[in-house]
Amino acid sequence: MSSPKPSTIRVGHRYRANRLDGPYDAIVIGSGIGGLTTAACMSKLGRKVVVFEQHYTAGGFTHSYDRNGYEWDVGVHYIGDVGADHTLTKRLFDHITDGQLKWAPMDSHFDRIFIGERHVDLVAGPDNFKAELKKAFPGEEQAIDTYLDYLKQVARAMPGLVIGKVLPDLAAGPLRKLVNRTAPSFLNRPTREVLEGLTSNQELIAVLTGQWGDNGLPPAESSFIIHALIARHYLYGGYYPIGGASEMARTIIPVIQQSGGEVFTYADVSEILIEKGKAVGVRMADGEEVRAPLVISNAGVFNTFEKLLPETAPQRDFYQQKLKTVERSMASNCLYIGLQDTAENLELPRTNYWIYPGADYEKQLSDFMAAPDETDIPLTYISFPSAKDPSFTERYPGRATIEIVAPGPYEWYRDWADKTWGKRGEEYEAKKEAYAQRLLAKLYEKFPHLEGKVDYYELSTPLSTDYFCRYSKGEIYGLNHTPSRFEQDWLKPKTRIPGLYLTGQDVMTCGVAGAMIGGLLATIAVSGFKGLPLAKRMFVG
Ligand SMILES: Cc1cc2nc3c(=O)[nH]c(=O)nc-3n(C[C@H](O)[C@H](O)[C@H](O)COP(=O)(O)OP(=O)(O)OC[C@H]3O[C@@H](n4cnc5c(N)ncnc54)[C@H](O)[C@@H]3O)c2cc1C
């Protein structure tokens, strides 16, 4: 077998204080897709932006990593809304990459939902989507049609919520009242409650909410807003970035450099500098102070307000209170698998598998959390990145990869939280190995021919998520998407501290597209009137 080509997936420029080339118009803390989107959009407006990323490669959850001759993604399994040029997601990707990022469609049945013994596919295109569900659930035609109509109604209500994020408080308040008056009554209700208003068929509800792992909250707890946004996002099918997730940062960075900006890796920000009540720059972990009139944080609200804002900063107390109104999202384990044969030979699908023991998601999850060793895994998600990426075989001849994600609370691993990465000891490794074996058994249940073909695997835990992406409880989607989260007016780009802004998934929603919209809104918020043409081009076309 030929060996894989040398890795090109580490992106960004290694930080050294003497490599800085200020003055910069803005500093972005974190190179997640939200931070990169803001930096690239600002660069397109002629602003020189520096991005500081603590990890060894740029991209945040969109980074890829390689080991033992394999490459995996961390937080990108599929993206919706990029199959046609008129969507906001596609327009935004084309804008920030100068059209350099290319997409490959998944199979038309992009998600397969297993409920116990049976499975139902989610199929690309509203008509096909409906037809498949109606075939699987005869007698539920009315509920399925109304469900699709509800998704449309949520999409229609979104502009009000989005615009409110960039309006000054005085205007945002009345706008929220207007949205509340005119939006459908189910908009921000719990997902399960909304669906139980449409049907009593619990299996149908389970299939419709079978993507709950995409936001991390089972349907009884999530807002229908996030459910509908995700379902709509994938309604026209799933797509995968050709070349893998690291292509996102690789194609965005040149756009940031067009106006003199740069993306630095190994660039750990330890504090936001506040002078006379304003954010004026950052202090790096090596003590270097970098100044700029705008500081935009992509590090999430918990990191920004608990760790980066100095104790003496104005409004710190305000934000400490506000942090009590939101929750961190779920944590997970991910099994990264390598196989010494091609995806084609191994017959790996371009379909994501969502495996549930039964339709009662909430009960299965709570039983599992109470007794993980004795209870079946409540959600096992299997993705086949090498099958989705047409360039994989050329880059890694004779190889294939699989990723399996499953719930894995931080508390299971708390005892090792203060130990160094890679040196957490035998007990930790044994605990990981036991879970890895359970996940491999789930894989072999669906793909028995893969038994004996696995060449390499390793399991990440919430401690890995903290170590590489700085989410201290291993949360994978920032904040939980409860109805209450969508009532929080302070989750918006402009903070109460002059010069300090937020970008990324905590602004609007999780997901690559959600974090990018957060990045676009941050650009609009810092640019004032100069950002209006960009807003028009992206939102109106
Ligand atoms: C397992 C998993 C699967 C997923 N699957 C999908 C999917 O298939 N499709 C999809 O659309 N979405 C998916 N997501 C969600 C999506 O990846 C995220 O919602 C999105 O990428 C978040 O982007 P962000 O810009 O908000 O932040 P992040 O990607 O979290 O980036 C924040 C960055 O800030 C850096 N940082 C933090 N503190 C500092 C500091 N002090 N100094 C310097 N840098 C700092 C971090 O290192 C990190 O790189 C998945 C996520 C996970 C974890």
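D98 sits in the loop between α2 (88–97) and β6 (103–105); helices (H or I, at least four residues) and strands (E, at least two) are DSSP runs, numbered from the N terminus. This is a predicted model, in which local features need pLDDT of at least 70, side-chain atom pairs count only at pLDDT 80 or more, and totals for chains, interfaces and linings use all residues. Residues are numbered from 1 along each chain as its sequence is written, and side-chain values use heavy atoms, with hydrogens and water left out.

**Backbone**
- D98 is not a glycine, yet has a positive phi of about 55°.
- G22 and P23 are joined by a cis peptide bond, with omega about 0°.
- P23 belongs to the loop between β1 (13–14) and β2 (26–29).
- Most residues other than glycine have a negative phi, and most peptide bonds are trans.

**Ligand**
- The ligand is surrounded by 36 residues, and the closest are E53, Q54, H77, Y471 and Q505; a residue counts as near if one of its heavy atoms lies within 4 Å.
- The shell holds 21 nonpolar, 12 polar and three charged residues; here Ala, Val, Leu, Ile, Met, Phe, Trp, Tyr, Cys and Pro count as nonpolar, Asp, Glu, Lys and Arg as charged, and the others, Gly among them, as polar.
- At least two shell residues come from each of α1 (33–44), α16 (462–469) and α17 (512–527).
- For V512, a backbone N or O atom is 2.9 Å from an oxygen atom of the ligand.
- On its own the ligand has 1000 Å² of accessible area, of which the protein covers 96% (Shrake-Rupley method, 1.4 Å probe).

**Helix packing**
- The axes of α4 (residues 141–164) and α8 (residues 224–233) come within 9 Å and cross at roughly 105°; axes are lines fitted to C-alpha atoms, for helices over the stretch in contact, and angles run from 0 to 180 degrees between N-to-C directions.
- That angle makes α4 roughly perpendicular to α8 (65 to 115 degrees).
- The contact of α4 with α8 comprises 12 nonpolar residues, one polar and two charged.
- α17 and α18 (residues 532–539) pack at about 155°, with axes 9 Å apart, which makes α17 roughly antiparallel to α18 (over 145 degrees).
- L520, L521, T523 and I524 of α17 meet L534, A535, M538 and F539 of α18.
- The contact of α17 with α18 has seven nonpolar residues, one polar and no charged.

Key:
Parallel < 35°, antiparallel > 145°, perpendicular 65-115°, else oblique. Polar contact = N/O pair within 3.5 Å; in protein donor to acceptor, adjacent residues only side chain to side chain. Contact = heavy atoms within 4.5 Å.
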